[in-house]
Amino acid sequence: MRARRTLAFPSFQRAALRALAAFTMILATSVRSNYVYDDDPFQPVTQDETVAVGGVVTLTCGVKENDNSSLQWSNTAQQTLYFGEKRALRDNRIQLVKSTATELIITIGDVQLSDDGEYTCSIFTMPVRTARATVTVLGVPGKPVITGFEGAVQEGGKVTLTCTSSGGKPPAKLHWYRDHVEIQGRPDVVESNPNEPTYTVTSELTLSVSRDDNDALIACAVDHPSIANGDKRTEQPLNVLFSPRVSIHPESDLPREGEKFYLQCVGNGNPEPNAFVWRRKEGELPPLAKVDGAFLRSESLNKSDNGVYECQADNGIGMGDVAHTLLVQDPTAMSTGSGVDHAVIGGVVAVIVFIMLCLLLVLGRYLIRHKGTYLTHEAKGSDDAPDADTAIINAEGGHSGVDDKKEYFI
């Protein structure tokens with residue numbers, strides 16, 4: 001009898017073969033599982049959600065079919081929240097919305113940053129099937145704070161403003177505006193907050209200011225996905241100090257001799273000027289002229305007051321000056337308003353005279369025309385008369401061929 005020969009493998013080879021077989025079985029199972037789950041009516045379906053801190057998030061889990069197995073929602077720590085209609089975790093923020101054989105919907109109110117993470121929906125079939133939903137909790141950034149410009153800055157100087165907003169998740173974006181027109185600041189600086197998953201964002205803006213920037217509104221606005229109704233912003237007006245621009249306003253454009261009169265010096269500056277100096281270019285001020293702060297007053301004008309008057313205004317930041325030429329009119333000089341009225345009346349009279357001349361011209365032509373016609377008819381027939389008597393008769397309206405009686409006087 002022939003002995004049967006057996007093939008023997010060393011122990012390490014046998015272990016390798018067993019591991020290869022196990023890996024092959026796991027791979028086959030995984031492929032078969034994925035293939036089945038693609039069309040598996042018992043596979044739960046969920047969706048990711050995004051919510052801001054303090055908001056409400058809704059978690060929905062559903063299956064196409066059910067074999068009387070219960071659906072379950074679990075939190076990020078794998079603690080059961082709801083098992084079918086039964087509450088499993090004592091947290092009043094979590095409420096049941098709907099529970100059926102194919103759907104389980106719950107809500108989490110007053111969401112906090114700690115609620116961020118993956119939630120699991122499970123159905124306890126054989127085998128157990130699960131699906132995950134990622135809840136992203138947005139940290140709401142705080143209202144921005146502007147620092148660096150608590151006082152005033154002088155014209156021509158520079159000012160650096162700093163805008164800061166904290167508590168955003170993900171980091172917020174900051175924007176600068178001048179009177180609602182966006183301007184560019186330095187790139188945002190992002191820092192993570194200690195022991196929190198939120199961030200603090202800082203941005204700087206440097207401005208070279210002029211007098212046109214006085215009272216301009218500089219705003220810093222926060223842009224973040226958690227802010228649904230527009231951005232959060234903080235506004236701050238600029239306070240720019242600048243020297244005055246000066247002008248002189250006379251009481252009247254036609255100052256008349258013997259009348260009261262004044263010149264007012266107006267200075268536009270920040271701050272408003274509080275010191276005024278009046279001078280006359282030709283020499284000293286008139287004896288009857290009195291300086292009253294921003295006013296130069298005269299109780300009775302005289303033609304000797306004619307000349308160039310200068311005003312200098314000082315507001316502590318700088319000085320401004322301006323000149324005005326005074327020409328005193330005769331007492332009979334008409335005021336500007338009377339001159340305008342007389343000009344209007346003169347224009348109306350001129351139009352009326354023109355219309356009357358046109359009417360007289362038309363009437364004259366009409367009369368001349370009719371007079372010629374009368375003379376023509378009156379002399380008609382006199383040229384062809386054989387004698388003087390006939391010519392007279394024809395001129396007086398007689399007709400040829402008609403015998404009229406004639407009387408002769410001797």
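# Reading salt bridges, rings and burial in a predicted model

Q: How many salt bridges are counted here?

A: The count comes to 15 salt bridges, where a salt bridge is a side-chain nitrogen of Lys or Arg within 4 Å of a carboxyl oxygen of Asp or Glu. This is a predicted model, in which local features need pLDDT of at least 70 and side-chain atom pairs count only at pLDDT 80 or more, whereas totals for chains, interfaces and linings use all residues. Residues are numbered from 1 along each chain as its sequence is written, and side-chain values use heavy atoms, with hydrogens and water left out.

Q: Is Lys-260 buried or exposed?

A: A residue is called buried under 20% relative accessible area, exposed over 50%, and partly exposed in between, using a 1.4 Å probe and protein chains only. Lys-260 is exposed, with a relative accessible area of 60%, while Glu-299 counts as partly exposed at 44%. In another salt bridge, Arg-280 meets Glu-282 with the closest N and O atoms 4.0 Å apart; here Arg-280 counts as buried at 16% relative accessibility, and Glu-282 as exposed at 52%.

Q: How many aromatic pairs are there?

A: Rings of Phe, Tyr and Trp (its six-membered ring) pair if their centres lie within 6.5 Å, and planes under 30 degrees apart count as stacked, over 60 as edge-to-face and the rest as tilted. By this rule there are 2 aromatic pairs. Phe-83 and Phe-124 form a tilted pair, 5.7 Å centre to centre with 55 degrees between the planes. Because Phe-83 lies in strand β4 (residues 80-83) and Phe-124 in the loop between β8 (117-123) and β9 (129-138), this pair ties together parts that are 41 residues apart in sequence. Tyr-262 and Phe-295 form an edge-to-face pair, 5.5 Å centre to centre with 70 degrees between the planes.

Q: Which charged end sits over the ring of Tyr-262?

A: A charge sits over a ring if NZ of Lys or CZ of Arg is within 6 Å of the ring centre and within 35 degrees of the ring normal. The charged end of Arg-297 sits over the ring of Tyr-262, 5.7 Å from its centre, and Arg-233 lies over the face of Tyr-177, at 4.8 Å from the ring centre.

Q: Which residues is Ser-203 in contact with, leaving aside its neighbours within four places in sequence?

A: Contact means heavy atoms within 4.5 Å. Ser-203, placed in strand β16 (residues 199-208), is buried, with a relative accessible area of 2%. Leaving aside neighbours within four places in sequence, Ser-203 is in contact with Leu-161, Thr-162, Cys-163, Leu-174, Trp-176, Arg-186 and Asp-188. One of these is Leu-174, which is 29 residues from Ser-203 along the chain, with their C-alpha atoms separated by 6.8 Å.

Q: What do the totals for the protein say about helices, strands and buried residues?

A: The protein has 3 helices and 25 strands, and buried residues make up 29% of its 410 residues.

Methods:
Helix = DSSP H or I, 4+ residues; strand = E, 2+ residues; numbered from the N terminus.
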